[in-house]
Every structure is written in structure tokens, then in C-alpha cells.
Amino acid sequence: MFCCWRTCLNGNMGKTSSSAANRLRDPDIFLDASFAGPDVILLSKQLRITGSGGALTTAPLVQSKSYFEIKIQQGGSWSVGLATRQTDLTKKLGGSDKESWCLCSDNATRHNNEIFRPVVVTTQEPTNLSNCFVNGTAAVAGLNGIEDLPEDNFLSSDVNISNDNPDRNLITQPQHNFPEEGDVVGIAFDHIELNFFFNGKNLDVPFRNVKGTVYPVIFVGNGAIVDIILENFHYGPPQGFDKIMLEQSLL
């Protein structure tokens with residue numbers, strides 16, 4: 001009888017341990033402490049980043065169409081995008097060198113220390129403001145459908161529009177502030193375009209000059225806390241895109 005009881009108990013314990021292991025299994029891909037700035041702090045199985053600086057993931061993007069997300073848990077300065085292992089991970093914002101392509105919390109996209117802005121969600125396609133026109137194609141390499149506007153125009157949440165000429169097509173009031181606490185940014189890459197999504201909506205500010213072996217990258221500073229989401233997405237990937245796969249999974 002004792003033997004039976006011990007056998008049953010051991011069997012149940014084995015099942016419980018196995019179930020717990022499945023629930024708590026380590027992620028296949030995560031933020032890489034070996035490729036992170038010295039002042040970066042990685043938490044929650046290395047899926048959460050805070051501190052100051054950047055971190056790459058443990059796996060590059062090798063499949064034809066990759067997608068991942070970030071969720072902003074606490075505001076501050078942050079950037080998300082792609083980078084090679086040669087990028088400077090001591091910076092608070094990405095895109096400060098030719099090795100990174102990022103969407104940043106100051107309502108701009110950056111690459112090679114060039115700033116392209118504004119990146120805002122509007123109620124309709126903006127066409128001009130104070131004689132500044134948004135053209136169909138940008139004048140900068142690697143960015144399409146956006147043109148720089150004065151800093152005062154995009155940092156303010158209120159847009160003051162003159163009624164002197166009601167026939168003008170004017171910049172409209174944003175539906176929502178640029179990604180803030182609780183918002184989700186999606187990143188899709190097909191080795192031709194790098195696109196960013198804000199709560200499921202394409203921002204239409206693609207980079208088309210991404211080169212080399214690139215990894216997802218997140219930069220943080222000024223108290224920001226950001227989670228990287230590599231599966232079980234908040235918003236579905238674009239058609240044909242999937243979560244990041246390890247190279248051996250593609251064989």
C-alpha cells in the first residue's frame with residue numbers, strides 16, 4: 001500500500017513539475033545581455049528593458065518576413081527598430097549611427113544621425129502647415145511619404161490653424177498622442193522595407209535602406225520601461241509576416 005501511495009505521489013509530482021516547466025519555460029529569443037549597453041537593465045526573462053542604452057535580441061532576422069512588437073510600460077525616451085551588432089548601444093536613442101534604423105519617442109525616425117519627422121497619427125493625410133508641404137516622397141534616402149516640419153509644430157499636442165483661408169488642406173489634430181504608456185508599436189521587416197505600426201495602424205514611414213545582418217533593437221533612457229513581444233501579439237502581423245524564427249527552424 002505504501003509503495004502504491006509513493007508511486008501515485010511521484011507520478012502527480014512529476015506531472016505538476018512538468019506543467020509548471022511548460023508554463024515557465026524560457027523564451028527561445030530574448031534581449032541579449034552580451035549585446036547591451038553597460039547601463040541597461042534587463043528584467044522578466046530578459047524581455048523587459050530599462051536603464052540607459054540599447055540592447056539587441058539574441059537572434060537576427062533571417063526569415064523573409066519578420067514581425068515583433070514592443071509595449072511601453074513606462075514613459076521616457078525610447079527607440080525601437082533594427083540594428084547590426086556594430087551599432088552604439090550606449091546611446092539613449094537609436095539611429096545615431098549608420099548601423100541602426102529606429103522609430104523614436106520624440107516623434108521622429110532616425111538613421112545615421114539624421115532625423116526624419118514628424119511621425120504622427122492624424123485624422124486625415126496632412127498636406128501642409130504654415131507653407132510646409134508633406135510630399136508624396138521624402139527628400140531623404142530610406143524614408144518615404146514624410147517631410148521634416150518645424151519642431152514646435154510636432155511636439156505640441158494642439159495644432160493652431162488659422163481660418164483666414166478655409167480652402168487650404170491643413171494638418172489636422174492627431175487622434176491620439178504619439179505612443180505613450182500602454183501603447184503597442186509593431187515592427188515588420190521583409191528585407192526590402194522596415195515598417196512601423198502604432199496600435200495596429202501602419203504609420204507609413206518605411207525605411208528602405210536597411211543593410212547587413214540586423215537584429216531587433218530597443219534603446220531606453222530617462223526612466224522608460226519597455227517590453228519586447230515576440231509571440232502572442234497584441235495586434236496581428238501584416239499578411240504573410242510571422243514571429244521571428246531561429247535560423248535552425250527554417251531548415
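Student: How many bridges join strand E4 to strand E16, and are the two parallel or antiparallel?
Tutor: E4 and E16 (residues 242–243) run parallel and are joined by 2 bridges, where a strand is a DSSP run of E with at least two residues, numbered from the N terminus, and two strands pair if DSSP finds at least two bridges between them. In this pairing, tyrosine 67 has lysine 243 in E16 as its bridge partner. This is a predicted model, in which local features need pLDDT of at least 70 and side-chain atom pairs count only at pLDDT 80 or more, while totals for chains, interfaces and linings use all residues. Residues are numbered from 1 along each chain as its sequence is written, and side-chain values use heavy atoms, with hydrogens and water left out.

Student: Which way does E4 pair with E11, and over how many bridges?
Tutor: E4 (residues 66–74) and E11 (residues 184–189) pair in the antiparallel sense, over 6 bridges, and within that pairing phenylalanine 68 stands opposite isoleucine 187.

Student: And what about E4 with E15?
Tutor: E15 (residues 225–229) runs antiparallel to E4 and is joined to it by 5 bridges, with isoleucine 72 standing opposite valine 226.

Student: Back to tyrosine 67: is it buried or exposed?
Tutor: Tyrosine 67 is buried, at a relative accessible area of 2% (buried means under 20%, exposed over 50%, partly exposed in between, using a 1.4 Å probe and protein chains only).

Student: What kind of ring pair do tyrosine 67 and phenylalanine 233 make?
Tutor: Their ring centres are 5.0 Å apart and their planes are at 85 degrees, so the pair is edge-to-face. Rings of Phe, Tyr and Trp (its six-membered ring) pair if their centres lie within 6.5 Å, and planes under 30 degrees apart count as stacked, over 60 as edge-to-face and the rest as tilted. This pair links distant parts of the chain, 166 residues apart, since tyrosine 67 is in E4 and phenylalanine 233 is in the loop between E15 and E16. Ring pairs also link Tyr67, Phe197 and Phe233 into a cluster.

Student: New topic: how many salt bridges does the structure hold?
Tutor: The structure holds 5 salt bridges, each being a side-chain nitrogen of Lys or Arg within 4 Å of a carboxyl oxygen of Asp or Glu. One of them joins arginine 110 to aspartate 106, with the closest N and O atoms 2.7 Å apart, and both of these residues are buried. Asp106, Arg110 and Arg117 are linked in a network of salt bridges.

Student: Which side chain meets lysine 243 in a salt bridge?
Tutor: Lysine 243 meets glutamate 231, at 3.4 Å from N to O. Lysine 243 lies in E16 and glutamate 231 in the loop between E15 and E16, so the pair ties together parts that are 12 residues apart in sequence. Lysine 243 counts as partly exposed at 34% relative accessibility, and glutamate 231 is also partly exposed, at 34%.

Student: Where does pLDDT stay under 50?
Tutor: pLDDT, the predictor's confidence in each residue from 0 to 100, stays under 50 over residues 5–9, for which the model has 0 contacts beyond four places in sequence (contact means heavy atoms within 4.5 Å). It also stays under 50 over residues 122–174, for which the model has 84 such contacts.

Student: What is the mean pLDDT of the chain?
Tutor: The mean pLDDT of the chain is 78, and 67% of its residues reach 70 or more.

Methods: Helices (H or I, at least four residues) and strands (E, at least two) are DSSP runs, numbered from the N terminus.
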